[in-house]
Amino acid sequence: MEPKSCSGDGNPSRNLHPSKPLMAANFLRCLSRIQQTATNSSVGSRSRRIRRAAYASMAYSAGHRRAWSWALLRKLRCRRVRPVILPRRPRIARPQVVIEIDRAEVLRKLVPGGTGMDYCRLLEETADYIRCLATQVRLMQTVTDSISS
Amino acid sequence: MIAQNSSDTNSQKMSGRRSRSRQSSSGRITDQQIDDLMSKLQSLLHEARVGSHDRASAAKVLQDTCSYIRSLHREVDDLSERLSELLDAEGVSSAQAAIIRSLLM
């Protein structure tokens, strides 16, 4: 089922990530928890928590099937009640001597987990990461718009 | 078909397991596959109105991709800050009601 577009222009966005409803649910749950527990915090610290929640809910929605989400989850070290066994991904042996400049060096640093994969995989992961990020941004924009209206 | 720049031949050994007939590497990843992935990336960027609409070189697509990812990261930061301010001002229940209402519509 095509996820409903919240872009407001009525066109179903082709680059919405398929797990958008799940992402929305995760993010809202985090938001309401932050709102309840951080009422006396500064705007800055709450903002950092919200940001962290955004990346966490993105990564949770993508699950372990993606290298970038797995790397993000490891980085965020989310501790959930449900025990999760992360499969060890086989690390690709990198060449010992690096002579040429990796053309995708900058991209590898931007995509979570990008440093450990080959070029082809990196491109795949990048596309999925971009779709997911764009969906998360749209989701946050929708939430922001609806609160402030 | 994406136009490749001249440094590609030098960097192909490092950047991936590109399979050409002269190389003895795994052979599973073909140039066609990489071109297809590049096209997919480029179309994603087009939809986001980033970059040129002509066939761009691989390096340009990578560059545009990087700047697009950076701008998305910035948007997440900005929206997080905005949300933080809004949650401060709004009461608990009215914010939640507004969110739920917007998602159900």
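A charge sits over a ring if NZ of Lys or CZ of Arg is within 6 Å of the ring centre and within 35 degrees of the ring normal. Keep that in mind for the exercises below, which use a predicted model.

**Exercise 1.** Find the ring over which the charged end of A:Arg74 sits, and give the distance from its centre.

**Exercise 2.** Decide whether A:Cys30 and A:Cys132 are buried or exposed.

*Solution.* Begin with the cut-off: buried means under 20% relative accessible area. A:Cys30 has 10% relative accessibility, so it counts as buried. A:Cys132 has a relative accessible area of 0% and is therefore buried.

**Exercise 3.** Compare the span of helix H2 of chain A with the expected one, then look at the residue just after the helix.

*Solution.* Helix H2 covers residues 43–62 of chain A, 20 residues in total. At 1.5 Å a residue, 28 Å is expected. From first C-alpha to last, helix H2 of chain A reaches 29 Å, close to that value. Just after H2(A), A:Gly63 takes a positive phi of about 75°.

**Exercise 4.** Work out which helix of chain B has the lowest mean pLDDT and which the highest.

*Solution.* For chain B as a whole, the mean pLDDT is 72, with 52% of residues at 70 or more. Among its elements, helix H1 (residues 8–15) is lowest at 48, and helix H3 (residues 58–89) is highest at 90. Over residues 3–24 of chain B, pLDDT stays under 50. Where pLDDT is low, the predicted coordinates should not be read in detail.

Technical notes
Residues numbered from 1 in each chain as written. Chains lettered and ligands numbered in written order. Predicted model: local features only at pLDDT ≥ 70, side-chain atom pairs only at ≥ 80, totals over all residues. Heavy atoms only, no water. Buried < 20%, exposed > 50% of the residue type's maximum accessible area, 1.4 Å probe, protein only. pLDDT = per-residue confidence, 0-100. Helix = DSSP H or I, 4+ residues; strand = E, 2+ residues; numbered from the N terminus. Contact = heavy atoms within 4.5 Å. Expected span 1.5 Å × (residues − 1).
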